[in-house]
Structures are given as C-alpha cells and as structure tokens.
Number of protein chains: 4
Amino acid sequence: MGQSTDRIPVAVLGSTGSVGQKFIQLLSNHPYFKVTEVAASERSAGKTYAEAVNWILPEPIPEDVAKLHVKECVPNKNCKVAFSGLDASVAGDVEEDFAKAGYIVVSNSKNHRQDTYVPLMIPEVNPDHIQLMEFQNYGEGKIVTNPNCSVIGMVIALKPIFDAFGLEAINVVTMQAISGAGFPGVASLTILDNVVPYIGGEEDKMELEPLKLLGSFTPQGIKFPDIPISAQCNRVGVLDGHTETVQIKLSKKASKQDIIDCWRAFKSEPQKLQLPSAPIQPIHYFDNPAYPQPRLHRNIENSMAVSVGRLRECKLFDYKFVVLSHNTVRGAAGGAILCAELLKAKNMLD
Amino acid sequence: MGQSTDRIPVAVLGSTGSVGQKFIQLLSNHPYFKVTEVAASERSAGKTYAEAVNWILPEPIPEDVAKLHVKECVPNKNCKVAFSGLDASVAGDVEEDFAKAGYIVVSNSKNHRQDTYVPLMIPEVNPDHIQLMEFQNYGEGKIVTNPNCSVIGMVIALKPIFDAFGLEAINVVTMQAISGAGFPGVASLTILDNVVPYIGGEEDKMELEPLKLLGSFTPQGIKFPDIPISAQCNRVGVLDGHTETVQIKLSKKASKQDIIDCWRAFKSEPQKLQLPSAPIQPIHYFDNPAYPQPRLHRNIENSMAVSVGRLRECKLFDYKFVVLSHNTVRGAAGGAILCAELLKAKNMLD
Amino acid sequence: MGQSTDRIPVAVLGSTGSVGQKFIQLLSNHPYFKVTEVAASERSAGKTYAEAVNWILPEPIPEDVAKLHVKECVPNKNCKVAFSGLDASVAGDVEEDFAKAGYIVVSNSKNHRQDTYVPLMIPEVNPDHIQLMEFQNYGEGKIVTNPNCSVIGMVIALKPIFDAFGLEAINVVTMQAISGAGFPGVASLTILDNVVPYIGGEEDKMELEPLKLLGSFTPQGIKFPDIPISAQCNRVGVLDGHTETVQIKLSKKASKQDIIDCWRAFKSEPQKLQLPSAPIQPIHYFDNPAYPQPRLHRNIENSMAVSVGRLRECKLFDYKFVVLSHNTVRGAAGGAILCAELLKAKNMLD
Amino acid sequence: MGQSTDRIPVAVLGSTGSVGQKFIQLLSNHPYFKVTEVAASERSAGKTYAEAVNWILPEPIPEDVAKLHVKECVPNKNCKVAFSGLDASVAGDVEEDFAKAGYIVVSNSKNHRQDTYVPLMIPEVNPDHIQLMEFQNYGEGKIVTNPNCSVIGMVIALKPIFDAFGLEAINVVTMQAISGAGFPGVASLTILDNVVPYIGGEEDKMELEPLKLLGSFTPQGIKFPDIPISAQCNRVGVLDGHTETVQIKLSKKASKQDIIDCWRAFKSEPQKLQLPSAPIQPIHYFDNPAYPQPRLHRNIENSMAVSVGRLRECKLFDYKFVVLSHNTVRGAAGGAILCAELLKAKNMLD
C-alpha cells in the first residue's frame with residue numbers, strides 16, 4: 001500500500017494487547033490512516049511503545065510506532081479516530097468516554113455490539129447500517145463495532161445466499177484457532193494433542209450477532225430476521241484461522257451450482273469503493289473436497305477473503321459446507337480497519 | 001488381567017498394520033485369548049513378527065508374539081478365531097476365505113459390515129444381533145464386524161437415549177484423531193497447525209452404520225430405524241480420541257436430567273457378563289463445561305469407556321452434547337476384542 | 001501398590017500447583033505415605049482441595065484428598081513429613097519454617113539445593129549424601145532437595161560412567177517439554193510450530209547441579225568434582241519428557257560396549273532396597289538409532305526409568321548420546337518421593 | 001520482483017516433489033528466469049502440471065506453469081538451465097545426462113556435492129568456487145550444487161567469523177523442521193508430541209559440507225580447512241525453519257561484540273551484485289535472549305536471511321549461539337536460485 005501525504009491520525013486503544021498489536025501492524029503504511037497515539041493501561045503509560053509491549057507478531061514493530069509514548073486510555077483530542085482492541089472488562093466505559101469526547105471509535109470489543117444505534121458491521125454485509133450512527137447521542141463522536149471473530153467468516157458466506165434464497169435455519173460447529181484467545185491465552189498444556197469443546201460466551205455471540213448483521217435498518221434500530229441459529233464452539237491446536245462447518249435451510253429452492261455461482265459473483269460496497277483493505281473477491285469457493293484448510297487458505301487476499309468448500313446436500317438441512325477465515329485479520333483488526341475505510345469513503349471521518 | 005491356562009488360540013490378520021499391532025498389544029495377557037498366529041502380506045511372510053513389523057506403540061512388542069513367524073493370510077486351521085485388522089482392499093475376500101475354512105472372524109474392516117447376516121456389533125448396544133450369525137452360510141465359520149471408529153462412541157452415547165425416548169434425527173460433526181488413519185497415515189505437513197475438513201468415506205459410514213446398530217433383529221436381517229443422520233467429519237492434530245458434537249431430536253419429551261440419569265445408569269450385556277474388556281461404567285458424564293477432552297479422558301477405564309459432556313438445549317434440535325471415545329481401542333481393536341469376549345460368553349467359540 | 005495400615009501422614013506444600021498435583025497423584029495409594037494435609041496460598045486456604053485446585057491431570061483427584069481442606073503454608077505439626085512443590089518465590093522461607101518446626105521437608109524447589117548441608121539428591125546417584133542432614137541446624141527438622149528436571153535424567157545416565165571411567169567434560173543441549181514450565185506456563189501461541197531456544201536460569205542449574213550430585217561427602221559439605229559443563233536449553237512442543245543430547249570426555253579409555261554394559265548393569269541403593277517407586281532397571285539403552293523418543297519412552301517403568309540411545313564416537317569429545325527422562329515424574333514429584341522412600345528405608349523418618 | 005522481457009527459459013527437474021514445487025513457486029515472476037519445462041517421473045509425464053502435482057504450498061500454482069505438460073527427465077535442449085529437485089535415488093545420473101547435453105544444472109540434491117570440480121555453493125560464502133566449473137568435463141554443460149538444508153544457515157553465520165578470527169572446532173545440535181523431509185515425509189503419528197533424535201545421513205553431511213564451503217579454491221579442487229566438526233541432528237514438530245545451537249573455538253581472540261559486529265557488517269557478493277533473491281542483510285543478530293525462533297524469524301527478508309542470537313561465552317568452547325534459517329527457501333530452492341542468479345551475473349549462463 002502506498003502512503004498518502006495527508007493520512008488521518010488515529011489512536012489505538014488497548015495497543016499492547018494482541019488485537020492492539022495487530023491493529024498497529026496492519027495500519028503500518030496504511031494509505032488513509034497513521035497511528036499517532038497508542039494508549040494502554042496505567043502500567044504501560046509513560047513508556048515508549050517498544051518498551052511497554054510484549055510484541056508477539058513475526059513482523060517487527062513499525063519503527064514510527066515503536067518510539068511513541070504510551071498514554072492512558074483517556075481522550076485527549078489529539079486525533080479523532082480510535083481503534084479499540086480493549087479488553088471487554090474496560091472497553092464499555094472507555095469507548096463511551098472517547099465517543100463523548102468526539103472520537104469515532106471503531107471497536108473490536110463486544111461491549112457495544114448490541115447497542116441499539118451502534119452498527120455491528122461487516123462492510124460487505126451491512127454497509128447501510130452506518131445510518132444508525134446519526135441516532136447515537138454522543139455528539140460528534142460515534143461508536144462502530146466489528147463482530148466476533150467466529151461470526152464474520154460465516155456471515156460473509158451466508159450473505160449472498162440470504163439475499164438470493166433466504167435463510168430459515170443455521171447450524172454451525174466451529175474449530176477455532178488459539179490466537180482467538182489473545183496472548184497468553186490458551187496454555188500449551190491445554191491444547192497440545194487436545195481439543196477443548198468449549199469457549200466461554202462464544203456460542204451466545206454466534207447465535208445472536210448474525211441476526212443483527214443480516215437485519216434491516218429502521219430508525220428504531222435494526223430489525224432482526226427470524227432465523228434460529230445453533231452454535232457449538234471448539235478450540236483446536238491451530239495458530240490462526242477459524243474453520244466452521246455450516247448447515248443451512250433455505251427459504252427458496254436453490255441448486256448447488258446456484259449457491260456456488262452466488263459466492264463466486266459476490267461483490268459488495270468495499271469492492272465497488274475499492275477500499276484499500278477490501279479483498280477483490282470476498283469469497284473463494286474451492287472444488288477440492290479437502291479444502292478449505294486454515295494453514296493453506298487463511299492468508300488469501302492478505303487474509304481478508306473468506307474460503308468456502310465442500311458444499312453438498314444435507315439429510316437434515318438443505319445444504320452443508322465448510323467456511324474458513326482468518327480470525328485476527330478478517331475476524332478482528334483487519335475487519336475493523338475495513339469498517340473505518342468505509343466510514344472514510346462515506347465521508348464520515350471528515 | 002490374570003492368565004488362564006486354557007486360553008483360546010487366535011490369529012491376527014493384518015498383524016503388522018496399526019490396527020493389527022493394537023490387537024496384539026491388547027491381547028497380551030488376555031484371560032480368554034492367546035495370539036498364536038500372525039498373518040500379513042506376502043512381503044512379511046517368513047520373517048519373525050519382530051523383524052516384519054514397524055512397531056509404533058509405546059508398549060513393547062509382547063515377547064511371545066515377537067518370536068512368531070509371520071504367515072500369509074491363508075487359513076490353515078491351526079486355530080479357530082481370527083481378529084482382522086486387514087486393509088479394506090483385501091479384507092473382503094480374505095475374511096470370507098477364513099470364514100469358509102471354519103474360522104470365527106472378528107473384523108475391524110468395513111467390507112462385510114453391511115452384509116445381511118453379518119452382525120455389525122457393539123456389545124453394549126446390540127448384543128442380540130449375534131442371532132444373525134446362524135443365518136450365515138459359511139458353514140462353521142462366521143464373520144462378525146466392529147463399526148467404524150467414529151461411530152462407536154456416538155452410538156454408545158445414543159443407545160440409552162434411543163431406548164428411553166426414541167430418536168427422530170441425529171446431526172454430528174467430528175474432530176478425529178490422526179491415529180484413525182493408520183500409519184504412516186496423515187503426513188505431519190498436512191495436519192500440524194491445520195484442520196482437514198474431509199475424511200474420505202467417513203461421512204457415509206456415520207450416516208449408515210448407526211442405523212444397523214440401533215436396528216432390530218429379524219430373520220430377514222436387521223430392520224433399520226427411520227432416523228435421518230447428517231455427518232461432517234474433520235481431522236485435527238490429536239493423537240488419539242475422536243471428539244464429536246452431536247445434536248438430537250427425541251421422539252418423547254425428556255428433561256436434561258432424564259438424559260444424564262440415563263447415561264449414568266447405563267449398563268448392558270458386557271457389564272452383566274463382566275467381560276474382561278468391558279468398562280464398569282460405559283458412559284461417563286462430566287459436569288465441567290469444558291469436558292470431555294481427548295487428552296484428559298480418552299484413557300478412562302482402559303480406554304473402553306465413552307465420555308460425554310455439555311448436554312444442553314438446542315435451538316434447532318432438542319439437545320446437543322459432546323462425546324469422546326478412544327478411536328483405536330474402543331473404536332477399533334478393543335471394541336472387536338469385546339465382541340469376541342461376548343461370543344465366548346455366549347458359547348459361540350466352543 | 002498395595003496399602004499399608006500404618007502409612008506416614010504427609011503434607012503437600014504448594015499443593016494446587018502443577019508439581020503439587022503430581023505429588024498428590026503419585027502419592028495416592030502409596031505404601032509408605034498418606035496425604036493428610038494440603039497447603040497452598042492464602043487465596044486457596046479454607047476451601048476443599050477439589051474446590052481450590054484447577055486440576056490438570058488426566059487421572060482424577062484422589063477422593064480422600066479432594067475432601068481435605070486447604071491450609072496456608074504454616075507448620076502445624078499434624079504430620080512430620082512435607083513434600084514441597086512451592087514456587088521458588090516463596091519456597092525459601094516456607095521450607096525453613098517447616099524444617100524449624102520439626103518437619104522433614106522433601107523439596108522440588110531450587111532455593112535450598114546449594115545449601116552446604118542440604119542434600120541435593122538422586123537416590124540412585126548419591127544416597128550417601130544423606131549424611132549431610134545431621135549437620136543441618138534446624139533441630140529435628142531437615143530439608144532434602146531434588147535436582148532440576150533437566151538435570152536428573154542426564155546425571156543418572158552419567159553416574160555409572162563417572163564411577164567406571166571418570167568424566168573430564170560434559171556438553172549438553174536439551175529439548176524440554178512444556179510441562180516443565182508448570183501451568184499455565186508456556187502459552188500455546190509461543191510454542192506451536194516453534195522452538196524457544198531459551199529457558200531462564202536453566203542453563204546455570206545444568207552447569208552446577210551435576211557437580212554437587214557427583215561430588216563426595218565431607219563433613220564440610222560436598223566436594224565438587226572439577227568437570228566443566230556447558231548447557232544449552234531449548235523448549236519444544238512436547239507435553240512430557242526432556243530429550244537431551246550429551247557429549248562427554250572420559251578420564252579413562254572405554255569402548256562403546258563398555259559404556260553400554262555399564263548402563264545396562266547399573267543398579268543402586270533404591271534397587272537394592274526395593275523402594276516402591278524405584279525402577280527395576282534405572283537405565284534402558286536402546287539399539288534402535290531413532291530412540292529414545294519422548295512419546296514412546298517417557299513412561300517406561302512408571303516414568304521412573306531413564307532411556308538412553310545413539311551412543312557413538314564424537315569428533316570433539318569421546319562419546320555422544322541421547323538421554324530422555326520424564327520431567328514431572330522422575331524429574332520432579334516422582335524423584336522427590338523416591339528420596340523420601342530412601343529416607344524411610346534409612347530410618348530417617350522415624 | 002518485476003518481470004524482464006527476455007527471461008531465461010529454465011527447466012525444473014523433479015518438479016512435482018516438494019523441492020520442485022518450491023522452485024516453481026519462487027521462480028514465478030522471477031526477473032531473470034522463466035519456467036518453461038517441468039520434468040518428473042514417467043508416471044507424471046504427459047499430464048499437465050496441475051494434473052500431475054499434489055500441490056502442497058499455500059500459494060496457488062503459478063498459472064503459466066499449471067498448463068505446462070510434464071515431461072520425463074530427459075534432456076531435450078529446449079532450454080539451457082535446469083534446477084534439480086530430484087530425489088537422490090535418481091539425481092546422480094539424470095543430472096549428469098543434462099550436463100552432458102549442455103545444460104547448466106543447479107542442483108539441490110546431494111549426489112554431486114563432493115565431486116572434485118562441482119562447486120558446493122552458498123553465494124555469500126564461496127562465490128569464487130565458481131572457478132571449479134571450468135574444470136568439469138561435461139562440455140558446455142555444468143553442474144553446480146546447493147548444500148544440505150541444515151548446513152546453509154550455520155555456514156553463513158560462521159563465514160564472517162572464520163574470515164576474521166579463524167575456526168578451530170565446531171559443535172552443532174539441530175532441531176529441524178518437518179518440511180526438510182519432503183512430502184509426505186514425516187508421519188504425524190511420529191512427530192506430534194515428540195522429538196526424533198535421528199535424521200538418516202544428516203550428521204555426516206553436517207560434518208563434511210562446511211569444510212568444502214569454507215575451503216580454498218585450487219585447480220586440483222577445493223582444499224578443505226582442518227576443522228573438526230561434531231553434529232547431532234534432531235527432528236521436531238516445526239513446519240519450517242531449522243534451529244541450531246552452535247559452539248565454536250576460534251583461532252584468534254575475539255570479544256562478544258567483535259563477533260556481533262562481524263555478523264551485522266557482513267555483506268558479500270550477492271549483496272554487492274544486488275542479486276534479486278539476495279537478502280539485503282544476510283545475518284540478523286537479535287539481542288532478545290529468547291530469539292531467534294522459527295515461527296517468528298524464518299521469513300525475514302523473504303526467508304533468505306539467517307537469524308542469530310544468544311551469543312555467549314562457553315565453558316567448553318569459546319562461544320555458543322543459536323542460528324535459524326528457513327530450510328526450504330534459504331536452505332533449498334531459494335539458495336539454489338541465488339546460485340543461478342550469481343552465475344547469470346557472472347555471465348556463466350550466456
């Protein structure tokens with residue numbers, strides 16, 4: 001990505017955590033945004049970012065960010081956009097404080113996702129939900145949220161099917177990567193040679209968030225479609241990439257080829273606007289019956305595309321298939337950055 | 001297990017393969033059976049077992065078997081019982097040859113599982129299917145089969161529910177261990193930091209075999225119940241132990257506690273007969289929401305018990321839960337040995 | 001192991017940690033000892049052991065211990081023997097308090113290992129160092145320590161060579177299991193698909209502790225032999241079992257067969273006394289050039305034996321070989337219990 | 001890398017194997033070379049490359065290569081340069097056939113590495129060994145070889161030390177990635193939760209190849225320096241990246257800082273010539289005591305740089321340190337391509 005001369009200065013909240021680090025890495029050399037502030041807990045405040053962070057990514061710390069002094073998570077109006085990778089234990093209040101101080105907060109935390117006038121957004125899925133923002137009562141400041149990492153890949157794959165054929169039921173079982181739990185996150189003794197068939201709170205999010213994402217804007221908030229969803233979430237010994245088996249009932253009849261055509265043709269707002277982080281083709285369908293696989297396909301299109309395979313008829317639903325997406329890029333920091341890019345393109349950051 | 005003075009001499013077919021090795025290890029010091037013949041492909045014939053085998057188990061080769069000379073898979077009537085761990089590419093004919101020669105063949109291979117008069121058997125589930133054997137036309141010889149490794153744990157967990165409340169639908173997604181693919185089996189480059197959402201032929205077996213197992217004996221063969229089953233099978237980087245998420249619709253209403261009580265109370269023929277390999281409690285239910293896990297629970301009751309957890313209501317079915325069983329012991333060699341123990345107890349090996 | 005009617009009551013200090021758990025599991029049904037007290041930090045005190053502990057072992061919590069109420073780590077004289085799995089941050093003072101109160105403390109912590117009159121002991125290697133205990137000035141109480149987990153396997157393998165041929169230099173590179181770091185210990189994101197070529201403090205211990213273990217008792221303390229040791233310690237993605245490549249220079253000439261004979265013939269005090277946890281053969285030498293391997297050999301003789309292989313000449317030293325031992329059993333709790341068994345056999349616990 | 005209009009057509013021998021695939025991936029869009037022929041065993045001949053190959057890399061098959069028809073490994077003079085990823089069982093004769101037919105063969109196979117007039121080459125280490133080529137008696141054709149994957153990283157790290165201070169002894173213990181064994185290579189059952197302390201033939205190569213690499217050109221062949229080397233090779237559960245602990249004795253005194261300065265300043269022929277695959281800085285030294293690590297550092301400078309850390313004094317040698325390099329890129333296909341780039345720059349491909 002080339003550099004713009006007039007990049008928008010942005011803050012990263014929770015900048016030393018695993019999501020915060022990913023924000024900083026992905027924003028390095030971003031054409032729209034430039035990280036000028038890094039905020040974290042009191043413990044880190046005052047140190048340079050390089051001193052404060054236990055950097056866990058293979059890519060080095062961007063040099064300009066390494067030298068920044070970490071500040072506490074208190075709004076200071078030096079910039080107007082804040083990406084939040086805050087822990088849910090503090091994100092609720094801190095994000096509100098920033099919004100009230102006039103910031104556009106783009107958050108990866110769960111706290112405000114179900115607020116009536118806060119968009120829970122995947123730019124390919126529900127870009128029109130931006131309209132909710134004008135109903136927020138933070139003044140100039142706003143909050144926009146990114147869905148849970150296990151939700152994003154599945155809902156991108158479901159969106160063109162939902163639009164074309166309708167959805168009557170969704171059943172999903174996940175095999176989620178350890179990076180989804182942050183750092184240190186999952187102990188190695190817990191996951192080596194093992195599966196943990198439980199991730200606290202995850203199933204609830206998977207059964208609820210898709211409904212807001214696929215819902216319709218109204219001035220009273222998003223109207224959720226009436227689709228029962230059942231989710232079962234498992235942790236497996238994979239570094240990055242959530243693999244999910246999905247079963248669906250459709251409202252209208254569709255052939256297998258109809259659905260594959262839908263996926264392959266799918267382009268949405270970020271593609272039309274040519275947003276810098278947008279994948280050219282959001283959904284890649286594979287014919288190889290053993291695909292997609294996290295190690296082979298999580299990095300397609302800079303980890304922003306979703307990979308799908310094994311579409312086949314199901315004895316209990318209409319169809320079943322496998323979907324894979326990169327949980328810390330498309331499913332977290334990258335997805336949130338794409339949201340901010342959409343806001344920029346819509347002149348919401350001016 | 002103590003040793004009996006009059007142990008029944010048995011052959012192991014396919015003795016150098018991974019299932020064959022497990023048979024030999026589990027039959028070491030068995031109170032009923034003593035391995036006196038080891039058969040394998042032409043390539044191994046003539047060598048001692050220790051020379052022929054690439055032994056992959058942590059336990060050493062039993063000393064008495066190590067010295068045996070490997071023979072080709074041709075019946076020679078030196079014993080009357082044969083355990084088959086043959087590859088499906090040859091098992092069909094070889095097992096018939098042995099049956100025709102008067103052997104009782106207890107097979108872990110898939111070839112004869114759906115033969116009309118061949119019992120597909122889990123001793124806790126359908127011991128009465130032994131009756132099918134008298135309709136076989138091999139003369140004194142007979143074939144009995146063990147189900148697929150992914151099927152056994154699930155069907156043991158379903159059996160008491162099926163008996164008490166009936167089943168209307170079964171949905172299952174598996175996370176299967178690499179040992180299920182034999183040796184060398186899955187390449188390390190294929191599975192390290194990865195999930196493979198496909199196991200050839202596995203889903204078909206999971207959608208069919210439970211129906212025979214839960215079916216009713218008739219002189220015309222087993223009458224399959226009318227239960228639609230949908231299966232999705234995945235390979236994960238776990239050494240031993242298949243973890244499966246199961247969803248069920250019941251015929252009659254049952255509370256969560258009803259089902260747990262059912263599981264905890266479940267005892268069947270092998271328990272009543274106190275067969276040497278039978279677990280005292282076939283199904284262990286865990287209250288810890290993160291259980292069962294393959295590394296923690298696959299070895300319960302000498303790997304012959306099934307572990308179950310996370311029973312909860314489901315938005316699309318009545319209930320969902322997690323089941324775990326050891327795929328090479330309960331799901332293969334150990335399960336087949338338990339079948340042979342049942343035959344012995346029923347005087348079918350006299 | 002059968003149960004004795006008059007088992008010695010023992011306390012476990014640091015009972016909720018990973019070493020403490022292993023003590024409790026290994027002491028279950030021990031013929032000499034019975035856990036009657038479990039002590040841990042203030043936070044756990046008052047709860048039952050089952051409530052306080054985050055049990056991470058596949059074996060269930062022993063029922064009699066599960067019900068015990070956890071106490072703080074303050075001596076109360078209800079028993080006389082204490083096994084310590086305390087964290088090094090507190091072990092120094094707490095163990096002294098217990099010794100002063102009259103306890104025989106058998107510790108797996110590093111704090112007192114180099115105290116002049118505290119035996120650093122491997123019962124097969126330096127049982128005569130028990131004599132140091134009478135010089136301690138804690139009154140009736142005493143402290144005995146177990147070496148670091150990376151040291152024990154190597155020194156057991158070196159002991160018969162040292163006695164027969166002398167040692168002039170030792171070079172060792174380790175590949176250590178994650179369980180050596182306790183729980184939660186190593187993050188899965190740190191070690192999956194990775195090697196960490198550093199373990200804080202470990203190399204210093206490996207370069208020093210063997211000298212005390214191979215040293216000679218004098219009333220002024222142990223006289224260390226003059227053997228330069230160089231150690232390099234690495235963490236690898238293995239659950240249990242430290243694998244180490246060792247190179248040695250000998251004082252006297254020895255053939256490869258001489259050394260193998262030495263290893264195979266090695267028996268020491270615990271074998272002569274038939275201590276309950278003693279392996280029958282402390283060192284197992286393998287001819288297979290790819291052995292020993294942690295997953296195949298860590299559990300030999302209830303994880304108390306050491307496995308050795310690949311002895312061959314070296315272009316820079318006299319010989320090089322591979323040694324493997326189970327780090328949490330032989331290298332920690334099991335080794336400490338064997339020390340206590342030796343004390344009992346020597347009437348030091350009366 | 002941009003594309004040149006006049007790229008040199010090249011063949012890849014053994015093109016369907018794991019090294020062959022890596023050649024094809026790395027040569028895609030190469031500024032000097034264009035793959036126009038893919039050769040493999042008889043079994044693959046006639047199929048398109050996409051049909052013949054079991055592609056195991058995350059990057060897709062380059063489209064232009066996918067359509068090529070695979071030929072047998074017989075020289076046909078359609079191009080003049082051949083990269084060989086042939087299996088050692090056939091590489092010896094096939095490579096000679098191609099050389100005799102006029103090809104410049106750049107080989108990753110071991111067969112001709114020790115031929116008197118065949119350069120065993122790392123372009124940063126011994127570019128002057130190219131002179132050997134004129135003494136070969138294949139006519140216009142020539143053979144150049146790339147060292148073993150475990151050798152390259154270590155020797156790059158040793159080269160500037162050897163030049164500045166001399167080397168008296170080298171001791172190395174490796175922890176090698178599974179990709180070094182090709183595909184399917186190491187079975188997952190062999191390496192998950194395990195270490196294999198043996199790699200057939202590897203230690204011999206590590207004790208010999210560095211001597212040719214660090215040797216001096218003479219018209220009678222390379223004069224090997226007199227440096228004893230001892231190597232111990234282990235396989236660990238890492239996908240890519242060989243980690244090695246190295247100990248050295250120097251001829252002249254050097255401080256720790258002298259050596260680090262040496263490494264950081266090191267530039268050689270490929271850097272001066274700005275060869276397209278050359279890393280800008282061949283050796284990266286890390287101050288973090290836990291670095292380098294394969295997952296964090298194997299991809300530095302497109303996987304062509306070598307990472308070094310933990311330089312410290314040694315009780316038995318002068319210094320010890322850790323070196324890491326990417327075994328299939330720098331240690332195989334990438335290293336061989338860099339050799340070819342050097343030949344091109346030296347007008348040896350005209």
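This is a predicted model: local features need pLDDT of at least 70, side-chain atom pairs count only at pLDDT 80 or more; totals for chains, interfaces and linings use all residues.
Modeller: Local features need pLDDT of at least 70 and side-chain atom pairs count only at pLDDT 80 or more, while totals for chains, interfaces and linings use all residues. Residues are numbered from 1 along each chain as its sequence is written, chains are lettered from A, and side-chain values use heavy atoms, with hydrogens and water left out.

Colleague: Into which residue ranges is chain A divided?

Modeller: Domain bounds come from an automatic or database domain assignment. Here domain 1 covers 8-148 + 333-345, and domain 2 covers 149-326. With contact meaning heavy atoms within 4.5 Å, 36 residues of domain 1 of chain A and 37 residues of domain 2 of chain A take part.

Colleague: How much area do the two domains bury between them?

Modeller: Buried area is the accessible area (1.4 Å probe) that two parts lose on being put together, summed over both. For these domains of chain A the figure is about 2,900 Å², with 66% on carbon and sulfur atoms. E124(A), V125(A) and N148(A) supply 27% of the area that domain 1 buries against domain 2, more than any other three residues.

Colleague: How many salt bridges are counted between the domains?

Modeller: A salt bridge needs a side-chain nitrogen of Lys or Arg within 4 Å of a carboxyl oxygen of Asp or Glu. The count between domain 1 and domain 2 of chain A is 1. The side chains of R113(A) and E209(A) form a salt bridge, at 2.9 Å from N to O.
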